[in-house]
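Look at the sequence and the model together. The paragraphs below go through the helices and some of their residues.

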Amino acid sequence: MEYLVKAQDYLKLKIKDTYRLAHSYRVANIGKEIAEKEGLNVEDLIIACLLHGVSDFEC
């Protein structure tokens, strides 16, 4: 849970565009559903989905 909170905090710091932030959360929700249905590590997949566009962030 600690890493999930850190990933969310990072997103909120880096993404100022509300559409892009909402997109990351939409992808994470889909990833959660997939992980639950396929028996995968839910938290890991949520974090991966949240950070899927990390290279696009302006630093």
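Arg20 is found in helix α2. Helices here are DSSP runs of H or I of at least four residues, and strands are runs of E of at least two, numbered from the N terminus. The structure is a predicted model, in which local features need pLDDT of at least 70 and side-chain atom pairs count only at pLDDT 80 or more, while totals for chains, interfaces and linings use all residues. Residues are numbered from 1 along each chain as its sequence is written, and side-chain values use heavy atoms, with hydrogens and water left out.

With a relative accessible area of 32%, Arg20 is partly exposed. Buried means under 20% relative accessible area, exposed means over 50%, and partly exposed is in between, using a 1.4 Å probe and protein chains only. Between the C-alpha atoms of Arg20 and Leu40 the separation is 26 Å, and these residues are 20 apart along the chain.

Ser24 also has its place in helix α2. Is Ser24 buried or exposed? Its relative accessible area is 4%, so Ser24 is buried. Contact means heavy atoms within 4.5 Å. Apart from neighbours within four places in sequence, Ser24 is in contact with Leu11, Ile15, Cys49, Leu50 and His52.

Helix α3 covers residues 42-50, and its buried residues are Ile46, Ile47, Cys49 and Leu50. Seen down the axis of α3, these buried residues fall within an arc of 165°, so they line one face of the helix. The arc is that of the directions from the helix axis to the C-beta atoms. The buried residues of α3 pack against α1 and α2. At the start of α3, the backbone nitrogen of Glu43 has a side-chain oxygen of Asn41 within 3.2 Å.

Helix α1 contains Tyr10, which counts as partly exposed at 31% relative accessibility. Tyr10 and Val54 are 44 residues apart along the chain, yet their C-alpha atoms are separated by 9.9 Å.

Next come the charged pairs. A salt bridge is a side-chain nitrogen of Lys or Arg within 4 Å of a carboxyl oxygen of Asp or Glu. How many salt bridges does this rule give? The count comes to 2. In one of them, Lys6 is paired with Glu2, and the closest N and O atoms are 3.1 Å apart. Both belong to helix α1 (residues 2-14), and because they are 4 residues apart, about one helical turn separates them. Lys6 is partly exposed at 48% relative accessibility, whereas Glu2 is exposed at 51%.

Glu36 forms a salt bridge with Lys32, and here the closest N and O atoms are 3.8 Å apart. Glu36 and Lys32 are 4 residues apart in helix α2, so they too are separated by about one helical turn. Glu36 is partly exposed at 48% relative accessibility, and Lys32 is partly exposed at 35%.

Ile30, Ile34 and Leu40 make a nonpolar surface patch of about 280 Å². Patches are made of residues with over 30% relative accessible area and no salt bridge; like charges are joined within 9 Å, and nonpolar side chains (Val, Leu, Ile, Met, Phe, Trp, Tyr) within 5 Å. Accessible areas come from the Shrake-Rupley method with a 1.4 Å probe, and for residues only the protein chains shown count as cover. Ile30 lies in helix α2, which covers residues 18-38.

Notes:
A polar contact is a pair of N or O atoms within 3.5 Å; within protein, one must be able to donate a hydrogen and the other to accept it, and residues adjacent in sequence count only if both atoms are side-chain atoms.
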